[in-house]
Amino acid sequence: MERQTPETTPRRTSLRADARRNRERVLEAADAVFSEFGPAASTEEVARRAGVSIGTVFRHFPTKEALIEAVVVGRLTQLTAEAERLADAVDTDAAFLAFFHRWVELSATKHQFAGALAHSGTDVQEIGNTHPDVGRRLHDAVGVLLTRAQRTGGIRRDVGASEVIALMVGASRAHEHVGLDADQRARLLSVTIDGLRRPRSAT
C-alpha cells in the first residue's frame, strides 16, 4: 500500500478531480448528442464531443443504457430543482401548470428518452428505485406544488403526486408519439390538464 505523503496526496486529489471533470464532460456531451440525434446516437460521438477516449466513456458508464440513464437522472434532478424554485410562487395554479408544461416540453425535445429506457428494461419509475434520493426529492417537490394548487382550488383533490408524475410521463410519451405536430401536441396537453382541473361544480 502506497504511503500517504505530501507528494502523493495532491497527485491523487488531482486524479480524482480529473476523473470528475471527465465524467461531467461525458454527461454534458451525451445530453447534447442524444438531444440532437436521439438515443440511437453512438457513444463514439459522445466521446468525440467530450474530447475523451471511448475507453473513458465506458470507464464511467459501463453500458450505453447506463449513460442514457445517467443523462435522464440529470434531467430529473434539473426538473426537481425547477419544481423547488416554484414552490413559493404566489400563483399556485400557474406554478403547478408551468412545471407540468416544462416536464412535457423537456421530454418532447429530447428524443424519446422514456422509450429508450423502457426498451433497455428501465423506466422513469424504476429510476426512482435505483436512485432513491432523486425519486424521493422529485416526489416531494411535485407534492408541494400539487398540494398548494389543490388548496387554492385550481387542481382536483383526488390525485396525488405519484399519479401526477405518471400523467406527466404519459403526456410526454404521447407528445413523442405524435411527433412534431405542434397543434396536436397542444390539444393532447390541454386534454390532460383539463382532466386535472377541479370541476366547477365541486365544493
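Which residue, with a positive phi, follows H8?

1. The model is predicted: local features need pLDDT of at least 70, side-chain atom pairs count only at pLDDT 80 or more, and totals for chains, interfaces and linings use all residues. Residues are numbered from 1 along each chain as its sequence is written, and side-chain values use heavy atoms, with hydrogens and water left out.

2. Gly153 follows H8, and its phi is positive, near 90°. Helices here are DSSP runs (H or I, at least four residues), numbered from the N terminus.

3. Buried residues (under 20% relative accessible area, 1.4 Å probe, protein chains only) in H8 include Val134, Leu138, Ala141 and Leu145.

4. Thr80 is located in helix H4 (residues 64–85). Thr80 is buried, with a relative accessible area of 1%. Leaving aside residues up to four places away in sequence, Thr80 touches Arg137, Leu138 and Ala141, where contact means heavy atoms within 4.5 Å.

5. Helices H9 (residues 161–178) and H10 (residues 182–196) pack at about 165°, with axes 9 Å apart; axes are lines fitted to C-alpha atoms over the stretch in contact, and angles run from 0 to 180 degrees between N-to-C directions. H9 is therefore roughly antiparallel to H10 (over 145 degrees). Among the contacting residues are Val164 and Leu167 of H9 and Leu188 and Leu189 of H10.

Note on methods. Helix = DSSP H or I, 4+ residues; strand = E, 2+ residues; numbered from the N terminus. Parallel < 35°, antiparallel > 145°, perpendicular 65-115°, else oblique. Buried < 20%, exposed > 50% of the residue type's maximum accessible area, 1.4 Å probe, protein only.
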